[in-house]
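Please load the structure and follow along.

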Amino acid sequence: MAQNIAPVTASSSNVTKSSPEKALAGRDSHSVTKRLQHELMTLMISKDKGISAFPDGDNLFKWVGTITGPASTVYEGLSYRLSLEFPSSYPYTAPTVKFITTCFHPNVDLHGNICLDILKEKWSASYDVRAVLLSIQSLLGEPNNDSPLNGHAAELWANQTAYKKHLLEHYKKASQS
């Protein structure tokens, strides 16, 4: 059997009109799977502190990530879990990334959605899971208050003492529920 023929097409003696689409989808899914496996290995051997991510069970298209707050920020010592969902068009389309752990932050809404340009209009296929996690970790200490999703957090940000007090109360309450 030729290596460049998708198994869907090669094994089917009755080729239907939708078989080419299925074959393309099979190849695309395979390349995305290979890319995600490579990214997982790269992330596992990286020496980056405070970030990690692994597939959620057997589904390579859904991961759970963890980031810890960067040193010398109000988030230092706090740990957050995130969900990462990869579309079949990854890496040409950004993954959907959300905080699972409730996060009080100017660029994170109450549902865990993140306002970060590289997850939206500035996405590039050259980004990987490592870059996404490092960007979110960096965002914790350097929010973009010009486009907040959480107005209250954006207002408090100027007063780091008050912000940290509210953050720790919020984090403690969220971890108890």
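According to the UniProt annotation (unreviewed entry), "active site" covers Cys115; UniProt positions follow the numbering used here, feature names are shortened, and annotations may be inferred rather than shown by experiment. This is a predicted model, in which local features need pLDDT of at least 70 and side-chain atom pairs count only at pLDDT 80 or more, while totals for chains, interfaces and linings use all residues. Residues are numbered from 1 along each chain as its sequence is written, and side-chain values use heavy atoms, with hydrogens and water left out.

**Cys115**
- Cys115 sits in the loop between strand S4 (96-99) and helix H3 (129-141); helices (H or I, at least four residues) and strands (E, at least two) are DSSP runs, numbered from the N terminus.
- With a relative accessible area of 27%, Cys115 is partly exposed, a class between buried (under 20%) and exposed (over 50%), using a 1.4 Å probe and protein chains only.
- Beyond its neighbours within four places in sequence, Cys115 is in contact (heavy atoms within 4.5 Å) with Asn107, Leu139, Ser147 and Leu149.

**Asn150**
- Asn150 lies in the loop between H3 and helix H4 (151-156) and counts as buried at 11% relative accessibility.
- The Asn150 side chain reaches the backbone nitrogen of Ala153 at 2.9 Å.
- Setting aside neighbours within four places in sequence, Asn150 is in contact with Phe104, His105, Pro106 and Val108.

**Asn59**
- Asn59 belongs to strand S2 (residues 59-68) and is partly exposed, at 32% relative accessible area.
- The side chain of Asn59 reaches the backbone nitrogen of Phe61 at 2.8 Å.

How values were computed:
A polar contact is a pair of N or O atoms within 3.5 Å; within protein, one must be able to donate a hydrogen and the other to accept it, and residues adjacent in sequence count only if both atoms are side-chain atoms.
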